[in-house]
Amino acid sequence: MQHEPRDWLTSLRVYLRAPVVTLLFLGFSAGLPYLLVFSTLTAWLEDSGVEVAAIGFFSWVGLLYSIKLFWAPIVDRVRLPLIGSWLGQRRSWMLLGQALIGGGLLGLSGLDPAGHLPLVAAFALLTAFGAATQDIVIDAYRIESGEAAIQAAMASTYIIGYRIGIVMAGAGALYIADAASWAIAYLSMAALVSVGVITVLVRPEPPRPQSLSMVLFHPRVKHFLRHRRQRPGWQRQAGAWLIAAVVCPISDFFQRYGRLALWLLVFIGIYRISDISMAAMANPLYLSLGFTKSDIASVTKVFGVLMTIGGGVLGGLLVVRYGLGRMLIVGALAVALTNLLFALLATGGDSLPLLVVAITGDNLANGLASTVFIAFLSSLTSRTYTATQYALFSSLMTLPGKFIGGFSGLVVADLGYASFFGIVCLLGLPAVALAWWLSRRLPTLDEEADTGGGTTGHPAAAFQESPDFQKREARPSMRADGRQGEESGR
């Protein structure tokens, strides 16, 4: 079944839905702390006379964003005392993350980096930990708050809010620091955390299909408990919790998608590999061509953010109108091909119009692909294990590109910028081919906007309804509890 295009007015109405608007403010809350522990913080350290070698170590603060998978199961399954009963699982953890962010920024605002570097590092880590925790919860909240039909629009408004938060924490903090002081700048950013706090307090807790107590009846957990009867009670309970919170989310993904699961993980890892691996060489390219810092800031930071927002809105509209499967292919192709604009820029010298063209194409493609891919990852995520599975996907999404990006300087040194961006373009083509291949094996990707999600509208259901899956499941199979049984295709 092919997705029937909708008229543009119907597609635009999705942006008026309350869950979609909510993600605008939560996106702002997620984007705000990011630069405050990265480039804005390093600018403050440099301005305070901290040695460059010490500043470099602060890049390790960002590792907390990459390892959030390790505490995502706790966020997903542990109910906070007192506040958890009042606000619910998701909102209480979100509020805790925002409290950590606000406390970290307040702590930073009262310090002189030159004389209190260890304390600056400690408060930066506290802020980053709170921000990474908030990211885990917002991803889960987004998936659980809206049906599949509005996931792309929610991803779009999330990206818009995130970019506004980035601009506020970057250019906004610098303007305040220049007009007043760094202390006032960070104090102002701490006050802006209230945007997320207010959003949490006024919006309802999303419904959750399964509690941890229900998951504890999973066959894997029961099998563990049955074979650990001689162990002390606390060991059995801890082991059962670990299986329910960590093992079950991973096994659930592989059980739902079978042999296709590995290809999905490969696809997640390579979809954004093209633009992530080139990111480290963008600013060096601009500077090597002779563009001034003002030109770079105006075109890439201000104009570029607007183009990313435009791409995000466009991506949300196109998914609603044409379906997720088609737009996955378009997004992967756009991200790969726009690298050729940077290759052209590398050979064209310090042409400001050419820089504008490159930034326009790259940021539109980036915004569109980000929106489409977030909606795709949301469709893969089971609502039983929302936070844990999405944390796995989002971590895997950036890992290959970041690893390859570490070698980008060596490639540029040997081959030059133009060849480097040509190679990066080629790196993105396997993602295009795999997007096309998966769209044919998960046909309901193009039906999600019509079905509104649910079991039959989920990509897993499409795979389960395929002839190959039904043949395999019609045979006797080993169930999770070790017994043989007959499984039907649906």
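Helices (H or I, at least four residues) and strands (E, at least two) are DSSP runs, numbered from the N terminus. The model is predicted, so local features need pLDDT of at least 70 and side-chain atom pairs count only at pLDDT 80 or more, while totals for chains, interfaces and linings use all residues. Residues are numbered from 1 along each chain as its sequence is written, and side-chain values use heavy atoms, with hydrogens and water left out.

**The whole chain**

Of its 490 residues, 52% are buried; buried means under 20% relative accessible area, exposed over 50%, and partly exposed in between, with a 1.4 Å probe and protein chains only. The chain exposes about 21400 Å², of which carbon and sulfur atoms supply 67%; such areas come from the Shrake-Rupley method with a 1.4 Å probe. A contact means heavy atoms within 4.5 Å. Among contacts between residues at least 6 apart in sequence, 78% join residues at least 24 apart.

**Residue L82**

Next, select L82, in the loop between α6 (72-77) and α7 (83-87). Is L82 buried or exposed? Its relative accessibility is 78%, so L82 counts as exposed. Most residues other than glycine have a negative phi. The phi of L82, however, is near 65°, a positive value.

**Helices α11 and α12**

Two packed helices are described by the angle between their axes and the distance between the axes. Axes are lines fitted to C-alpha atoms, for helices over the stretch in contact, and angles run from 0 to 180 degrees between N-to-C directions. Select α11 (residues 182-192) together with α12 (residues 194-202): their axes are 5 Å apart, at an angle of about 10°. The two helices are therefore roughly parallel to each other, a label for angles under 35 degrees; over 145 is roughly antiparallel, 65 to 115 roughly perpendicular and the rest oblique. Display A190, A191 and L192 of α11, which meet S194, V195 and G196 of α12.

**Helices α22 and α23**

Finally, select α22 (residues 352-380) and α23 (residues 386-405), whose axes come within 9 Å and cross at roughly 140°. That makes α22 oblique to α23. To see the contact, display F373, I374, L377, S378 and L380 of α22 with Q389, Y390, F393 and M397 of α23.
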